[in-house]
Amino acid sequence: MARVVRIAFATEEDRGLDSIISSRFGRARYFIIVEYDLDTGSIKGINSIEGPGTLMRGGAGVKTVQTLVNNNVDIAVAGAFGPNALAALERMNIRHVELSGLKISEALDRVIRLADFK
Amino acid sequence: MLEITVASGKGGVGKTTITASILITLASRGYDVIAVDADADAPNLHIALGIDRWDYIEDYSESEVAEIDQDKCIRCGSCMEVCSYKAIYLDDGVYKVNKLICEGCPTCRLVCPVDAIYMVRASTGVIRYTKTRYDFTLISARLEPGRPNSGKLVSREREYARGFAREDSIILIDAAAGIGCQVISSIAGSNATILVAEPTKASFNDLKRVYRVARHFMQPTALVINKYDLNEDMTHRLIKYADENNIYLLGLIPYDDTIPKSISLMKPVILAYPDSKASKALREISEKVVEIIKNWSEWYIKYRPKKPHPYKPIIIKPK
Amino acid sequence: MVMKSKRIVAVSGGKGGTGKSFIAVNLAVLLAKSYRVVLIDLDVEAPNDYILLNTELDGGVDAYTMIPYIDYSKCIKCGECSRVCGSGAIIASREGLPYLLPRLCSGCRACYFICPTKAIKEARRVIGRIYTSSIRLNSTNLTLVTGVLNEGEEHVPPLVIATKERGLSIDADLYVVDTSAGTSNTVASALLNTDIVIAVTEPTPLGYHDLGMILELTKKLDIETWIVMNKVGLGDYSRHVELASKYNARIVAWIDYSHEVLDSYIKGIPIVVLNPDAQASNEIRNITELIEREVL
């Protein structure tokens, strides 16, 4: 059975695999979700969702994690994660990789490698 | 990119003066610095830097407040009963929401049996930035009186700073006094925290508290003792505390009336009175910061807390 | 709820370090000679009044905020609690099971009210401690109530409210409330129902800026405000005077920046006790006389 992981990349633009990974997780404008087959090393699917714009007092990071949970994400990628987001990711068993500035297509291999060791 | 927070716990001990000095010295040594005034409740960094205009001001609205539709209200008083913040009061038989206290939580709205409560957007304050005459950008904010303090506004300022930053930039964050959410937000996410204290019992006490918060967030810390000669005994106790807790002793500044004088001039003391004792000490401190930046990994590894001290809230389960 | 029979004077003032606690403590000590006074330290993030009174904080009681306790046997995994939470303290797993992140919970109880099966019970989280101290200075008795926020706690208002309630529950002729710096809703909450706000400022541009903010807040709260000009000698106060008149706030005391005051700080003895004839002591005495005439 194929091992497929769903990786959510925080981005400020929606340009598919060419999108540059954002430095922030909590209020990233978009999340590009890539379905990646670990066995064949190929992309099975890609879709984008909007980051939750929040009006709430606190916990923007947590709301963002909730969005990822609702989208069955396994790995989250962004430049930096706030402490609340980290706590929520941990609770929900979602791995995270700190990376930004690269295009998704360029970062994919590195993310898979880094996530494996977490 | 490095983010360094300056915090103290107690107000009025010199955070802003010290932050301004380090900023100016680093800038003069060619570093790309960005200043963040994270005290939206009583922002002072722009005054210390003599700024009176802003390149950009943005209305920031992150909160809501509740409002009661008096036509629907049946005066049951449930809203007042459930409000954890005592934001609802009775005025001449009419239930009203005190917008200066209301935190915008959904509770009263949920409890109202006739759906008479709705939420309205409330202005939180402003975020603003400007290029200073010292050639670096200052990001500042001002909380509207009566609005809740939150880490969110500070996070937003930090985002702006990161947006302006290059790979080699140094962001200096002048935190608010206290240890609540706005200070926590200033500390968490930085690379290091500089603690400022004066040799009084009150300041020492507050220093311990903010140090422990910094430690929760795995911050390597450094200490500056301001007005150290006012009480050499207390200064020694502070130094001992730093030593015992692996806090890097960044420097000691003597009491010097050129500091309040320069604040009145709205000019940083190291420029207004460059030969004063305080200025000399501040320059030394800034040079030490330069050294730390140059040898960052080494310093970071040495002064970073060795083991995590997570905050574990004490919870009492229902019977 | 609005108990107008209680006489409350609050000491506040925008900027940190202007001398709020100094004024609050000395006022309380002086007034305690003739009246039953409770001093309430609502600067719960960094309380200092007990230090200025050279006393330790012993005993004390835990202060709580509500935190949801989820009864999973009743939970139908609808996810409403996580959706309604404004602080992001409840997150729902893929299966819809709610999980709590306790540190973020602000105690608003929205989740408790929205749960369709009443699966959320009220548990409590300790957010800090409230100490009640009996201070004895020469032959004067003063009660001090101090709130101390636990380090790592984010939300301040619940402890301010609990500490204020505790202080006001003690029978007294006058309550002196010491607030934190700033003008956020925490300070607004501390200033609720007070008769007079004494705004402490200093003759510096920083003091001026923050004075404007606190006057704006008290104007919105519709509370009469007096001003104390502390640390006179540090700089120019003409703008402060203009501002005071614009807001109809009387300047009731001018305290010189002096070694005597610094000395009392360092010694941990209120100046009205250490040096009753000091300029500062005289000015503070004037304020107490004003309070006697207009509040009590």
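Cys112(B) sits in the loop that joins helix 4 (107-111) to strand 7 (117-122) of chain B. Helices (H or I, at least four residues) and strands (E, at least two) are DSSP runs, numbered from the N terminus. Cys112(B) counts as buried because its relative accessibility is 15%. Buried means under 20% relative accessible area, exposed means over 50%, and partly exposed lies in between (1.4 Å probe, protein chains only). Gly77(B) is 35 residues away from Cys112(B) in sequence, and the two are 8.8 Å apart in space, C-alpha to C-alpha.

This is a predicted model: local features need pLDDT of at least 70, side-chain atom pairs count only at pLDDT 80 or more, and totals for chains, interfaces and linings use all residues. Residues are numbered from 1 along each chain as its sequence is written, chains are lettered from A and ligands numbered from 1 in the order in which they are written, and side-chain values use heavy atoms, with hydrogens and water left out.

**Strand 2 of chain B**

Strand 2 (residues 33-37) of chain B is mostly covered, with 5 of its 5 residues buried. In a regular strand, side chains alternate between the two faces of the sheet. Here both faces are covered: Val33(B), Ala35(B) and Asp37(B) are buried on one side, Ile34(B) and Val36(B) on the other.

Strands of a sheet pair through backbone hydrogen bonds, either parallel or antiparallel. Two strands count as paired if DSSP finds at least two bridges between them. The table lists pairings in both chains.

| Strands | Sense | Bridges |
|---|---|---|
| Strand 2 and strand 10 (residues 170-174) of chain B | parallel | 5 bridges |
| Strand 2 and strand 9 (residues 137-143) of chain B | parallel | 3 bridges |
| Strand 2 (residues 30-37) and strand 3 of chain A | antiparallel | 8 bridges |

Individual partners can be named. Asp37(B) stands opposite Asp174(B) in strand 10 of chain B. Ala35(B) has Leu138(B), in strand 9 of chain B, as its bridge partner.

**The sheet of chain A**

In chain A, 5 strands form an open sheet in the order 3-2-1-4-5, with mixed pairing. Strand 3 (42-50) and strand 5 (95-98) of chain A are the edge strands, and each pairs on one side only. Phe31(A) has Ile49(A), in strand 3 of chain A, as its bridge partner.

**Helix 11 of chain B**

Helix 11 (residues 277-294) of chain B has 18 residues. From first C-alpha to last, helix 11 of chain B reaches 26 Å, close to the 26 Å expected at 1.5 Å a residue. The expected span is 1.5 Å times one less than the number of residues. The buried residues of helix 11 of chain B include Ala278(B), Leu282(B), Ile285(B), Val289(B) and Ile293(B).
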